[in-house]
Amino acid sequence: MSTSFVRPAAAKATVGRGVMRQRLKDQLANLENVGLNDCARVSQDTRDARARRWAMFSDFFVRIIGGIDPERIWVDLCENQPAAKAKCQLFLKHYVESSTEVNSGLDLESNGNEYRSVNAASTVDLVWKDLVGHANDVVLRKKRAEDPENAWRWTVKYTDVKQGKLCGPVSQITNWISETLALEMDLTHHQQFIKREATSDDVLLVLSMVWKRSPNINIAPRTRVAFHGVLLLAAIGGFRMSVVAEVAYRQVELALVRVHGVARLVASITLQQNKRQELTIRKGQDEFITLSVTFVPCKILCLLSILLAQALVDDAFEAHFPSVDALMTRPKLKANVDYMPLKWKEEILDQPLLPISYNQYWKTWCDTIQAAGVREKVRPYATRVGAGGRLDAVLSPAVRDYIMSNTQKTFERNYVPRQVRVDLMQLHFGDAGTGPDSQTLFSLLRQACLRRDPDAPLELSQQEADALEAREDMQAVRALLGDARAKHGRSSATTRRLSSRLSYLRRRYTAEAVQEKRQAYFANADRLGALGRPIEEAETGVARASRARRFHSDMGGLGTDLVTKYLHQGELGGGRREAYFIELLCEFVAHRFTNMDILMSRIMAEAAGQAPAPTQRPPASFNDFRCLFGCPALSSRTILTNHVETHHRVSFTTTFECPECLRLGAAPVLVRDARQYCLHTLRAHGRLCSPIFREENAGLLLKGKAPKKYKKNPRVLCLLCQGEYCAGQGHSRHFDKRHRRADFDEPFLCPACQRGGAEDIATIDSVDGWLSHTESVHNIDGQRGHHVGLGMLQRQVARGS
């Protein structure tokens, strides 16, 4: 009698194969259920934009018209039903009609100049393209899964008119937008801006004006330096703003390179081009580009100096450099080594070296263009157009397209400015068809900033500002704000909303008034010039800066004036010109303006071959509390402390010499942190100069602690249309543009209560009623989209009781 025997290892293997087989079957079933994605890959920004368009489309048929299933429209559109096409046409027409806005106003009854924000057929065409993309990828995907054999039938695809007029329903509506809707609604078929190129002279003008006209460009010192660096980086390669804005430390490698026996500092910057398809297997490296910069004689063009100054202030080097001189002299190359990198700290690699966001760059550019006196608006896009022209003149098309990250066809269509770059008369007829200085003349005509007048007004006079404050809608908001403060307190959502509304009205009216004043000045100056009369007769009025701008200008005006003086006097500094410029930028970024003044006095004395002039005592107006970093007098020690915490926290990220001891010519005292600064100034210079050291704030700012990076507001859903927008200005702009004037003509039931299945659904009859309802019932600020905290609600209830 035989007995079967199974080895333990074989039994274990059999069990293991069974477990693996079952796991594979489960994975197969899961893959069959999920299926493959049959939609084209798009970026997250595109998906978000499509979702917002779809939310507007759904809200129009569900809430505004009512009783129409928006998803069913697209199913019917695939079947080429006329009713579905008519519904899509109705929405697009309503989109244009409802884009009417008012320059400013408190509510529906306020007076203002109405205008339509949608004026181009390309805008409606883009909305239609987003709707088609969302419907195909989300709505009709379910239908394709239910009927896979006829998947082609449940597919819609946007087709540009330029690609040929097809007979499908989507193409028919695309053609209708261009041929019928544009004519009916007076929509332009052309771009609404003039394509200009920013020449090298234009770039130099902007770089100069951002320092010269600092009172009219209200930005922090670090942002000003970052704007200078980003503009230089964009101008030399024609890179898009989203590529060069907020370049991180890990994208920059600083190194010593031996050239003819001399070690030179070089920065290599690696940029990753955008507008590339995501999640694609790359078989090349054309999305990355590395460029190198070193010191140049013209300091306004020295990108390396800007990078080094920012890095020194951030204390970013792995080998700590306490001063500019240490960075310039301490690193040494071995005798047989020609390249040595200077590494960054690990914890700082992801922080931005040039910390400026796209929106900050755009606003700074526009403010600088206006401060320069340019008549028409010049877009930052002109920098890329101008760089493309310069690259095209000397490089082959392949290298030019690699640097600019586009194709030959794209360059020919989008990067050729309207102004012809050459003298066509001279080209065809030679010397007979040209005049004196023709080459210089046509170079000037290419400049985007040629049409400028530096004397054009930039501010309103006191009388003009008072007239704006006396407007009825401004007074109405101010009265409501006073009542809200008395009833709910200063921190309530209602008070903050009204305060924001008042600030918005003031900014909006002021900007419009300044533009009207400038246009009137240009017209008057042109008329007087044509009559041969003195241009000085074109009155500009007395400028009046706001209190906040005036204080900021006084605080940073000294620093920007010193940098401007250094940039435009090429003989200053001598052999140490690079080191002095970096040191000036370091003190400027760190808000140490007194140290800048002392350093500049030493530089001027060296240039004149004289000893530094003795420093004067502070003026009598400084007998009050004063900031030693070079700011205006302050009224109390508490305000002095708050001022130093707000404006000079970055000063304590690196060691520095006490500015008051330097000014008095005393023995230098090295300040390492905020505690030492407070104690030293109290003992050596008195309480009028010494801020209060606060333990809870860790001494103003601990050494080595970097400033927080700008964080984008979270995205929230609009309670009316379910569109997704950034909380704050993004949601507020959407509410004002799409709902404030269009949706409160008649009472309606709260859609958020309906979606939540509430038993008692509120009826909304006004904007104020909607804002009060969302705040009290849904804990949402209906204007800005923020959640209202429980503590705030409890305080409001307590005040009300």
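This is a predicted model: local features need pLDDT of at least 70, side-chain atom pairs count only at pLDDT 80 or more; totals for chains, interfaces and linings use all residues.
Residues are numbered from 1 along each chain as its sequence is written, and side-chain values use heavy atoms, with hydrogens and water left out.

**Exercise 1.** State what lines the largest cavity and which domains it lies between.

Solution. A cavity is a set of points, on a 1 Å grid over the protein atoms alone, where a 1.4 Å probe fits but cannot get out, and its lining residues have an atom within 4 Å of a point. By this rule there are seven cavities of 30 Å³ or more, and the largest cavity has a volume of about 160 Å³, a volume being the space filled by probe spheres set on the points. Of the 15 residues that line the largest cavity, Met56, Asp59, Ile64, His94 and Arg738 are the closest to its centre. The helix α2 gives the most to this lining, with five residues, where helices are DSSP runs (H or I, at least four residues) numbered from the N terminus. Because domain 1 (44–185) and domain 5 (715–787) both give residues to the lining, the largest cavity lies between them; the domain bounds come from an automatic or database domain assignment.

**Exercise 2.** Describe how helices α13 and α14 are oriented to each other.

Solution. The axes, which are lines fitted to C-alpha atoms over the stretch in contact, come within 9 Å for α13 (residues 381–394) and α14 (residues 397–404) and cross at roughly 155°. Angles over 145 degrees, on a range from 0 to 180 between N-to-C directions, count as roughly antiparallel, and α13 and α14 are therefore roughly antiparallel to each other.

Conventions:
On a 1 Å grid over the protein atoms alone, a cavity is a set of points where a 1.4 Å probe fits but cannot get out, and a pocket is an open set with protein on both sides within 12 Å along at least five of seven lines; lining residues have an atom within 4 Å of a point. Helices (H or I, at least four residues) and strands (E, at least two) are DSSP runs, numbered from the N terminus. Angles under 35 degrees count as roughly parallel, over 145 as roughly antiparallel, 65 to 115 as roughly perpendicular and the rest as oblique.
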